Amino acid sequence: MKKIKKLIEVAMPLEVINAASVREKSIRHGHPSTLHLWWSRKPLAAARAVIFASLVDAPSSHPELFPTPEDQERERQRLFDIIERLVKWENSNNPEVLSEAKAEIKKWVGDDVPALLDPFAGGGTIPLEAQRLGLKAYAGDLNPVAVMINKAMIEIPPRFASLPPVNPKDRTAMLGGADGYQGAHGLAADVRYYGEWMRDEAFRRIGHLYPKVKAPETGEELTVIAWIWARTVKCPNPACGCEMPLVNSFWLSKKKGHEAWIEPCFEGKQVSFVVHHNDMPKLDGTVDRKGAVCAHCGEPVRFSYIREEGKKGKMKEQLMAVVAEGKNQRRYLAVDDFQRKAAAVAPVEGFSNAYLPDNPRDFKTPNYGMKHFSDLFTNRQLMALTTFSTLIPKMQQIAKEDAIQAGLPDDDVRLEAGGRGATAYGEAIGVYLAFVVDKMTDYNSSICSWNVARDNIRNVFGRQAIPMIWNYAESNPFCSSSGSYKNMLAWVEKCVENLPATGSGTVQQTDAQSDNGLRHIMVSTDPPYYDNISYAEVSDYFYIWLRQSLRMTYPKLFQTMLVPRGDELVATSYRFRESKAKAKDFFVDGMKKTCQQIYQYTRDDIPVTIYYAYKQKDDNDKDASTGWETILSSIISSSFTITGTWPIQTERAARSNALGANSLASSIVLVCRKRESTHQVCSRKDFIRQLRRELSDSISKLQSAGIAPVDLMQSAIGPGISVYSRYDQVLEADGTEMTVRTALRLISQELDAFLSGQSDRLDGATSFAVTLFQQCGYDELDFGQADVLARAKNISVDDVAEAGVVAAGNGRVRLLTREELPQAKNMECGWLRLQHLTAALEKDGIQGCVSLLRDSIGEVDYLKNLAYHMYQLAEEKGMTQEAGAYNALVISWEDILDAAAAQRQESVEELDFGEDY
């Protein structure tokens, strides 16, 4: 029987999907990612498009309906138009757009629309989008925090869909005609109402711990936003012995006209702090990457000393300044005794004082004696967070009673048991308010710092790790700024309001390797990326608070003190006594079992889609990535063949570490089908021949689509490994079976050869410069060797020196750096054009490049190809900053061309206007 290809196996409108995915990263209010923090979430737009394209047939599969290539192209474009509307954020809950997509799915799969399973559900993107498209969603995850996120998004809202709010305030308003609650709007209204009750009740209990501060010039009372603290240790200099402040920066604000900074002042061995609003700090800070310095005596202090003092319990903290709400601006004030006394809260009892994970890569505070979770919070923060979390059971009871008054069944069926009555509804409200408390912990910790550039608090998890923070910011939970309860409640309420609340969803805490009994379904998932993120360890931070809030609501889920981690599929060597081999074996074995289970679940007529993004070079093999090797081996050995691969841009190009760093911006979606055993065997020679033929076309398309150089290698893996996976075996010359590792190495070599081939078609000076860079970077080379290289390109060293490409003298030759380039821009030399463009982008951004391209827009694609090759060479040489510069140029390429074309058109229009006038 002929297998019908799905659209995702033939064509995808990548440009549209990527644009929507990138834009989505900038959307905050109402986005599911704001419900609760989770790491490495995939964009909703990408998941929605992938699921849709996995279910609708490719037009080329139906020649009886679309007999000509033109007919097929028209139909394909119609499907692309649906996807274009579908992926827009504004259409997330648009009933017309969603109905059109659902109808198209039914057109090709019939009424037997499959359920979807994501066995690594994580942040819930894939199950949520399956539910939005009319599929029954199954979400599985071992991590209780991920399980709760998924329950809150796909399991709870449909149970109470279109239910009016039960709180007395909104019920009274409804009597006046304010009704019409749809979807999860009623649920969101109750989250707001009972959340406000919790805030008022908490303030009644502990509001005195957060006093206002008086403005020194008027005596006006101002609401505090944050208290700025410094950790201190005793100076090791015997002649000094002061309490030396450990501070990264004494700046409070760098906003023009509102600058503020802190000056440490010493009386004997005691330090105090003065806030200034003019000039500049006399001392930038006392801590940098190398160590610390005493602000009093200037004694250099090693981190080893600070670590030992911390482990002995001798690290202290001291208030430096107060940040308050002023009129349209922040006020930075000195600390008075009243504020010091309010902050001096006794230790909190009853808090789970578990140890932080033994994970030296991601957790830095244990190095300084901060070994328990309680050490990450001030006593006042522990008091506040504990107060909020312990109010949740009382709030749930109040909500239950109001729900009974509103007409919900008075039963005792719990939320955990699938309840839909008053008891379950009260518990459901508690789930979302527990998320509010969890979100507060991300901004109410001694690991939070003050963001000088934006005048607000920087949260704990800027990345998936807990760093050591020296001068930290303690938020006021009762203000209205970042980190406050009011702020976090608003995020959660808006998110709940925007959840689709349709269909049904089932969420289970389950190991992906175990059989959950599902059959004849589709699978789309985003598995762990080898050792990139230790989800269990980082999520412990939130788990301990969720457990305190919801242990009575979900007793089975929160029965362990910390997140279960024994079966978590991550290749973290520290769990295996630093054995990378044992960690790899654990991951490989677990991923193979998972893929074998997926094979059992999956319908024959619908492909499996697996997201993957991993960038690692092994120390002993620059061409092989252990992360890719393990996932691909697992897929292929489980009798899947890869029928399509698509690079989906999942990160903003403008994020802080993207332009100048070597960080991935895309995930690869692997499209997999069950492989029918045909006993086909391929030789190494035939594999390389097919690889060379198919890979070159794929790479050209990827470059045309503007895929970033940093993503090109992992994007090329897909079409390359699809050749490998279509055979039962690929045999080496000696008859042994070729491994995935060898196939990856050959794919990498073919990519290098393709990029080198593009460079070989350049002018002689450029080809010489590329070869010189490949050999020695910007270091010097003996003139004789350089002369041999130049003659091979049919030029001389004098020629390239005169052109401004190299410096030559005293028997040595070296490439000029971009800072040394001559001002005259030799447009006949591709190397110089590339370097001038790269320099202009670094200095002046996109507009800085426009004048260099404005008059030759149609003749510059070779420069983009050259940038790809230079990125590859720079990365191989370990020149991260250089590689990042070329990566940035390619990422910005289309914007540069658009801006150059627009400026050129403006010039033409001005000329036409002048002639007419």
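Me: Which helix gives the largest share of the lining of the largest cavity?
Reply: This is a predicted model, in which local features need pLDDT of at least 70 and side-chain atom pairs count only at pLDDT 80 or more, while totals for chains, interfaces and linings use all residues. Residues are numbered from 1 along each chain as its sequence is written, and side-chain values use heavy atoms, with hydrogens and water left out. Two helices, α15 (535-550) and α5 (125-132), each supply at least two residues of this lining, where helices (H or I, at least four residues) and strands (E, at least two) are DSSP runs numbered from the N terminus. The largest share, 3 residues, comes from α5.

Me: What is the volume of the largest cavity?
Reply: A cavity is a set of points, on a 1 Å grid over the protein atoms alone, where a 1.4 Å probe fits but cannot get out, and its lining residues have an atom within 4 Å of a point. Grid points are joined across faces, edges and corners, and a volume is the space filled by probe spheres set on the points. The search of the whole structure finds 6 cavities of 30 Å³ or more, and the largest has a volume of about 400 Å³.

Me: Which residues of that lining are closest to the centre of the largest cavity, and how many are charged?
Reply: Of the 31 lining residues, the closest to the centre are F120, A121, G122, D141 and P528. By class, Ala, Val, Leu, Ile, Met, Phe, Trp, Tyr, Cys and Pro count as nonpolar, Asp, Glu, Lys and Arg as charged, and the others, Gly among them, as polar. The lining divides into 16 nonpolar and 7 polar residues, and the charged ones number 8.

Me: Is E493 buried or exposed?
Reply: E493 has its place in helix α14 (residues 485-498), and E493 touches A188, V191 and R192, not counting residues up to four places away in sequence, where contact means heavy atoms within 4.5 Å. Buried means under 20% relative accessible area, exposed over 50% and partly exposed in between (1.4 Å probe, protein chains only). Because its relative accessibility is 17%, E493 counts as buried.

Me: What is the relative accessible area of I896?
Reply: I896 lies in helix α27 (residues 893-916) and, leaving aside neighbours within four places in sequence, is in contact with I846, C849, V850, L853 and L889. The C-alpha atoms of I896 and S851, which are 45 residues apart along the chain, are separated by 10.0 Å. I896 is buried, with a relative accessible area of 0%.

Me: At what angle do helices α16 and α17 pack?
Reply: Axes are lines fitted to C-alpha atoms, for helices over the stretch in contact, and angles run from 0 to 180 degrees between N-to-C directions. The axes of α16 (residues 580-601) and α17 (residues 626-637) are 8 Å apart, and the angle is about 35°.

Me: Where does D455 lie, and is D455 buried or exposed?
Reply: Although D455 is not a glycine, D455 has a positive phi of about 55°. D455 lies in the loop between β14 (449-451) and β15 (456-458). With a relative accessible area of 6%, D455 is buried.

Me: Is N810 buried or exposed?
Reply: N810, a residue other than glycine, has a positive phi near 55°, and N810 lies in the loop between β25 (806-809) and β26 (812-815). At 83% relative accessibility, N810 counts as exposed.

Methods:
On a 1 Å grid over the protein atoms alone, a cavity is a set of points where a 1.4 Å probe fits but cannot get out, and a pocket is an open set with protein on both sides within 12 Å along at least five of seven lines; lining residues have an atom within 4 Å of a point.
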